[in-house]
Amino acid sequence: MRLFAALLPPPEALDELAGALAPHRDDWPELRWLARDNWHLTLSFFGEVPDRALPDLSVRLARAASRHPPVTLSFTGAGAFPSARRGRVLWYGLSGPVARLTKLAASLAAGARRAGATQVDEKPFRPHLSVARARAEVDVRPLVSALAAFEGMRWDAPDVHLVRSHLGARVRYETVESWPLGG
Ligand code: 2AM
């Protein structure tokens with residue numbers, strides 16, 4: 001199954017993001033807005049993981065989570081991949097102990113690799129929460145500028161979640177298991 005590890009921000013923090021986007025949504029018909037129920041902060045994307053690897057994956061991710069302390073984060077500003085001028089994915093950025101988040105993401109990726117996940121994403125970790133995608137590149141610099149001053153509430157991330165991605169006409173995410181951060 002297709003799996004990734006994520007933090008799931010609380011509804012109040014997501015409400016703020018939705019509120020800041022609301023005045024802009026209709027101005028950007030080229031963007032496909034992601035369903036708010038699907039919003040998450042990916043820590044590590046594992047790709048297809050064979051069923052037989054799941055028990056070991058679970059043990060290793062639980063162990064990795066227990067070795068890192070809970071984090072307090074806030075959403076700050078926005079950006080786009082690969083760039084605001086050639087935007088394909090629009091996201092909100094994060095502030096807080098991002099270095100700790102990067103270490104957590106690396107531990108989860110290492111655990112997944114040891115459990116036999118062969119498609120673990122190797123790209124450098126860039127903490128973000130995606131809110132829209134585009135089929136073709138869109139110059140979203142005005143939108144990124146309009147959201148640049150956004151500063152959201154501080155929120156706690158006590159748990160790491162293992163999420164299954166069901167692809168299809170409508171992508172659906174299902175939390176398979178969750179583990180508390182420890183450390
Ligand atoms: P994105 O939001 O920046 O696209 C589920 O697909 C989640 O895993 C998404 O949040 C996606 O990030 C992230 N992800 C990271 N690497 C991925 C990859 N190689 N393929 C698909 N999703 C990936």
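Which residue in β5 is the bridge partner of F75? The bridge partner of F75 in β5 is L94. The two sheets below put that pair in context.

This is a predicted model: local features need pLDDT of at least 70, side-chain atom pairs count only at pLDDT 80 or more, and totals for chains, interfaces and linings use all residues. Residues are numbered from 1 along each chain as its sequence is written.

Some terms come up throughout. Helices (H or I, at least four residues) and strands (E, at least two) are DSSP runs, numbered from the N terminus. Two strands pair if DSSP finds at least two bridges between them. Strands of a sheet pair through backbone hydrogen bonds, either parallel or antiparallel.

**The five-strand sheet**

Five strands form an open sheet in the order β2-β6-β5-β4-β7. The pairing is antiparallel. β2 and β7 (151–157) stand at the edges. Each has a single partner strand, so one side of each lacks a neighbour in the sheet. Neighbouring strands here are turned by 30° against each other on average, direction ignored. Angles run from 0 to 180 degrees between N-to-C directions, and axes are lines fitted to C-alpha atoms, for helices over the stretch in contact.

Strand β6 takes part in two of the pairings listed below. Its residue A134 is the bridge partner of L31, and its residue A132 is the bridge partner of L90.

| Antiparallel pair | Residues | Bridges |
|---|---|---|
| β2 and β6 | 31–33 and 129–138 | three bridges |
| β5 and β6 | 87–95 for β5 | five bridges |
| β4 and β5 | 71–81 for β4 | seven bridges |

Helix α1 (residues 11–21) lies across β4, β5, β6 and β7. It runs at about 155° to β7. Contact between two residues requires C-beta atoms, placed from the backbone, within 7 Å.

**The four-strand sheet**

A second open sheet has four strands in the order β3-β1-β8-β9, again with antiparallel pairing. β3 (41–48) and β9 (172–180) are its edges. Each has a single partner strand, so one side of each is left without a neighbour in the sheet. The twist averages 25° from one strand to the next.

Strand β1 (residues 2–7) pairs with β3 over six bridges, in the antiparallel sense. Within this pair, R2 stands opposite E48 in β3.

Two helices meet this sheet. Helix α3 (residues 98–114) packs on it, touching β1, β3 and β8. The direction of α3 makes about 15° with that of β3. Helix α2 (residues 54–66) lies across β1, β8 (159–166) and β9. Helix α2 runs at about 60° to β9.
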